[in-house]
Amino acid sequence: MQKWKSDEKSREISVVLFDQFSNHCLANAIEPLRAANTLSRKTLYRWRFFSIDGAPVVSSSGLPVTPEAALAASGPGDCLFVMPSYDFLHHTNPRNLRALRAAAGRHASVAGMDMGAWLLAAAGLLDQRRATVHWDELQAMAEAFPEVEVVPDRFVIDGDRLTCGGVTTTFDLILHLIRQHHGPMLALEVAALFMHGTRPSEPDWLASDDQMLHAAVALMRRNLEAPLPMPRIATTLGLSLKGLEALFAREVSAPPLAIYKTLRLREARRLAEHSNQSIAEIATRCGYSDPAAMTRAFRAEFGLTPSQSRQTALAAHRR
């Protein structure tokens, strides 16, 4: 097991949706969790959908969703996701706020996504906390709820209260949680799967360490068959080799070459389990000129050979 991996505890998520919720926000919350399960081959996250009264809800784009039950049936769980989005003022009523307060007590943490923070603040669940909200409503929320410290951050985690400012920031928050729960390598893989952090085309592009890290991993994923030398990756990103190595040491406590190797082997496992390519062909596709060398690395990474991985996947498919 690599030292940058973390725990594999399964977490229970309750998602409460309101009429006029954002499909995009919902997808950016749940799809990364689904990808984490898929990439890890484990059920790291489980989720259930609720509405306040159990009745169907309709998204802002007209997509109807039938929840599993009323919010009163949720929990106990690890986190409650609150997603009101566009019609948040209409949903800020005593019945809904009572239901949210009760549900918060059954969950270890609560996350307000998009305009979810407004409902949490109205329910008294953000008193004396730092929080953010959709940036169009930052000033209004600060004026409406002076007991909440409203900040213009992409997402905020204050103890067991989580908030984010909109659709893309929801994805950022979920990536952060995956990294916190299960390690940076899985978070990097999830980000790369959704092409998050692709290399910028402008030579004077400036990025944070997090953006630069995702850009480096995206570059690696696009060059698995003919792996790029580390100096080439560094130069492409406008870094020195030492700068690239320092970035990875700081962000994931692992050298970039080790991350690159893991990405190549994860692709080898995917091809072994989901294609009819020979082991030699898979080796070539993943940057190994010697199939035996790939098999040794594969066994060290996953505890079985590519052929055994293929057989295991086939047996599972037949069941």
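Start by selecting serine 22 and histidine 24: a side-chain oxygen of serine 22 sits 3.3 Å from the backbone nitrogen of histidine 24, capping the N-terminal end of α1. That is a polar contact (a pair of N or O atoms within 3.5 Å, where one must be able to donate a hydrogen and the other to accept it; residues adjacent in sequence count only if both atoms are side-chain atoms). You're looking at a predicted model, where local features need pLDDT of at least 70, side-chain atom pairs count only at pLDDT 80 or more, and totals for chains, interfaces and linings use all residues. Residues are numbered from 1 along each chain, and side-chain values use heavy atoms, without hydrogens and water.

Now select residues 23-40, helix α1. Helices here are DSSP runs of H or I, at least four residues, and strands are runs of E, at least two, numbered from the N terminus. Colour the buried residues (under 20% relative accessible area, 1.4 Å probe, protein chains only); among them are Cys25, Ile30, Pro32 and Leu39. Show their partners next: β1 (11-17), β2 (45-51), β6 (77-83), α6 (167-182), α7 (184-193) and α11 (256-274) pack against the buried residues of α1, with contact meaning heavy atoms within 4.5 Å. Then click arginine 41, which follows α1 and has a positive phi near 65 degrees.

Jump to α10, residues 241-252. Its buried residues are Leu244, Leu247, Phe248, Glu251 and Val252. They cover an arc of only 90 degrees around the axis, so they lie on the same side of α10; the arc is taken from the directions from the helix axis to the C-beta atoms. Covering them are elements including α8 (209-221) and α9 (230-236).

Definitions and conventions
The expected span of a helix is 1.5 Å times one less than its number of residues. Buried means under 20% relative accessible area, exposed over 50%, partly exposed in between (1.4 Å probe, protein chains only).
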